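The following note is meant to be read with the structure open beside it. Its points are numbered so that each can be checked in turn.

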Amino acid sequence: MAQTDDGLDSLQERIGWRFGNISLLRRALTHRSASPKVGHNNERLEFLGDRVLGLLTADTLYRNTEEFSEGELALRLNAFVQRSNCSKIAEAWNLWEHVILGRSERLGASERARENILADAFEAVLGAVFLDGGLGAARAIIEKRCLHFLETSGTDLLDPKTELQEWLHKQGASSPVYRELKRRGSVHAPVFTIEVDAGDAGNARAEGTSKRRAERKAAHNLLLAVGARQAQE
């Protein structure tokens, strides 16, 4: 399937990156069925993009969710990088219109095959962005164009406070209220005790070296309690 400059222009707008080397994008969109020779299709870029996605997602988790254990980090990482999520992002970018396939592959692709092709293409495009613009460019794509898909992966990478508020709103409840109960320690090394009150959903407390950290931990604790209650119902 031939690519026009106009088509790639609109695709780059959806991706959020303007390629300096447009051949990288074309290769990222080329499936093995259209060009089986190594280095002429997107398989190597897909390999690279998969690692870039894992690294940057893990880094985002590590930097933004201090209250999560190693096991919880792993669960959220796996939820986001699963192939179905990658395929959804590719669908939103309308990658299927641009993927270069062999004729039989395009005509005979099953729904599962299409999902795999799209997931591979998404990772290949991310690998191409990394080669073209570096880690910062790839990070910007993930943070600005991908993280909102977490709503459909059943988890939240960024903020338990946001997750709690959105869950409460879906229940028709008011936003949670955070209260500082206690502050101890020195001026330069304080420890805050914060309580989150979510009305009928309950309340929870947590400590942190800043109000923000304590609030997030409290929200996380309340979400765990809510999840435990729901599991028993």
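**Notes on the predicted model**

1. After helix H5 comes asparagine 94, whose phi is positive, near 60 degrees. Helices here are DSSP runs of H or I of at least four residues, and strands are runs of E of at least two, numbered from the N terminus. This is a predicted model, in which local features need pLDDT of at least 70 and side-chain atom pairs count only at pLDDT 80 or more, while totals for chains, interfaces and linings use all residues. Residues are numbered from 1 along each chain as its sequence is written, and side-chain values use heavy atoms, with hydrogens and water left out.

2. Which residues of H5 are buried? In this helix, residues 83-92, they are Asn85, Cys86, Ser87, Ile89 and Ala90. Buried means under 20% relative accessible area, exposed over 50%, and partly exposed in between, with a 1.4 Å probe and protein chains only. The cover over these residues includes helix H3 (43-64), helix H4 (70-81) and helix H7 (111-145).

3. The largest nonpolar core has 38 residues, of which Ile15, Leu25, Trp93, Leu95, Phe122 and Val125 touch the most other members. A nonpolar core is a set of buried Ala, Val, Leu, Ile, Met, Phe, Trp, Tyr and Cys residues joined through side-chain atoms within 4.5 Å. Two or more residues of this core come from each of helix H1 (5-15), helix H2 (22-28), H3, H5 and H7. The greatest share belongs to H7, with 14 residues. A second, separate core of 12 residues includes Val196, Ala198, Ala206 and Leu222. In soluble globular proteins, nonpolar side chains tend to be buried together.

4. Three strands form an open, antiparallel sheet in the order S1-S2-S3. The edge strands, S1 and S3 (203-208), each pair on one side only. From one strand to the next the twist averages 20 degrees. Two strands pair if DSSP finds at least two bridges between them. S1 (residues 177-185) and S2 (residues 190-197) are joined by eight bridges, and they form a hairpin with four residues between them. Arginine 184 stands opposite valine 191 in S2.

5. S2 and S3 are joined by six bridges, and aspartate 197 has asparagine 203 in S3 as its bridge partner. Helix H9 (residues 211-232) packs on the sheet, touching S1, S2 and S3, and its direction makes about 145 degrees with that of S3. Axes are lines fitted to C-alpha atoms, for helices over the stretch in contact, and angles run from 0 to 180 degrees between N-to-C directions.

6. Leaving aside neighbours within four places in sequence, glycine 208 is in contact with Pro190, Val191, Phe192, Ala214 and Lys217.

7. The axes of helix H8 (residues 160-170) and H9 come within 8 Å and cross at roughly 45 degrees. H8 and H9 are therefore oblique to each other; angles under 35 degrees count as roughly parallel, over 145 as roughly antiparallel, 65 to 115 as roughly perpendicular and the rest as oblique. Residues meeting across these helices include Leu164 and Trp167 in H8, and Leu222 and Val226 in H9.

Terms used: Contact means heavy atoms within 4.5 Å.
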